[in-house]
Amino acid sequence: MKKINVLVATVIVALGVSATSCDSKRTASLKTSVDSASYAIGIANGNAFKQNLTGMPGGPANIDDLLAGFEAAMKGDSAAMKMSPEQAQAFLNTYFVEAQAKDAQKTKEEGEKFLAENKTKDGVFTTESGLQYKVEKEGNGAKPAATDQVKVHYTGTLLDGTKFDSSVDRGEPAVFGVDRVIKGWTEILQIMPVGSKYTIWVPAELAYGEQGTRGIKPNSVLKFDVELLDIVKDGQK
């Protein structure tokens with residue numbers, strides 16, 4: 001799981017403070033080209049930093065406190081600083097480890113609860129590995145082998161409904177090797193005949209496990225709507 005680098009965060013937030021502070025809103029002067037360039041850097045990087053903070057472990061960042069700390073440090077106002085730079089770095093080193101562990105445990109418990117309830121629902125099958133699936137449409141084509149390449153359309157969501165990937169949205173099916181994807185996909189693709197549409201729920205250990213990946217927290221159960229379009233032969237696009 002990523003950690004926010006304090007130095008990078010400082011650079012990104014720096015010029016954002018010139019426009020906004022916890023005490024009052026400030027108006028950018030833009031009197032010179034340097035002023036405008038500074039403001040542009042603040043807007044561009046401030047937006048990127050805001051997105052970065054979205055996944056902050058432990059809960060949403062307190063922007064007012066972030067800016068208060070940044071401004072006090074930038075001005076060298078030791079009286080206003082409630083932590084020294086060394087104390088701040090030490091705190092963050094501990095905070096992120098502990099907060100990420102708590103988030104991961106919470107996600108794990110939520111996923112286990114969901115899977116336990118979901119497997120009792122009509123039409124939901126559970127394999128020996130713990131993979132769950134529901135047949136929305138059963139095709140009558142061949143079933144892929146682990147060594148095959150397949151063409152599929154899919155949409156992936158988290159349990160809260162957040163969409164993290166979709167070939168449907170991109171308007172182009174994905175083509176990949178059956179054994180070149182997460183374990184849950186490798187398993188289900190060998191169960192599905194060509195022409196099938198399944199909804200699958202992939203336990204974390206068959207997906208991105210304890211590490212997670214971009215946009216997916218550690219220990220996340222993933223849901224996919226999968227349509228197996230074809231087995232791709234050599235030379236076929």
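Leu30 is partly exposed, with a relative accessible area of 41%. Here buried means under 20% relative accessible area, exposed means over 50%, and partly exposed lies in between (1.4 Å probe, protein chains only). The model is a predicted one: local features need pLDDT of at least 70, side-chain atom pairs count only at pLDDT 80 or more, and totals for chains, interfaces and linings use all residues. Residues are numbered from 1 along each chain as its sequence is written, and side-chain values use heavy atoms, with hydrogens and water left out.

Leu30 sits in the loop between helix H1 (6-14) and helix H2 (33-53). Helices (H or I, at least four residues) and strands (E, at least two) are DSSP runs, numbered from the N terminus. Together with Tyr39 and Ile43, Leu30 makes a nonpolar surface patch of about 260 Å². Patches are made of residues with over 30% relative accessible area and no salt bridge; like charges are joined within 9 Å, and nonpolar side chains (Val, Leu, Ile, Met, Phe, Trp, Tyr) within 5 Å. Accessible areas come from the Shrake-Rupley method with a 1.4 Å probe, and for residues only the protein chains shown count as cover.

Salt bridges were assigned next. The criterion is a side-chain nitrogen of Lys or Arg within 4 Å of a carboxyl oxygen of Asp or Glu. The count by this rule is four. One of them pairs Lys163 with Asp169, with the closest N and O atoms 2.9 Å apart. Lys163 is partly exposed because its relative accessibility is 46%. Asp169, at 53%, counts as exposed. Asp165 bridges to Arg170, and the closest N and O atoms are 2.6 Å apart. Asp165 has a relative accessible area of 26%, so this residue is partly exposed. Arg180 and Asp179 also meet through their side chains, at 3.8 Å from N to O. Arg180 is exposed, with a relative accessible area of 70%, whereas Asp179 is partly exposed at 42%.

Trp201 belongs to strand S6 (residues 197-202). Trp201 has a relative accessible area of 8% and is therefore buried. Contacts (heavy atoms within 4.5 Å) were listed for this residue. Leaving aside residues up to four places away in sequence, Trp201 touches Phe114, Leu115, Asn118, Val124, Leu131, Gln132, Tyr133, Lys134, Leu222 and Lys223. Gly130 lies 71 residues from Trp201 in sequence. In space, the C-alpha atoms of Trp201 and Gly130 are 9.1 Å apart.
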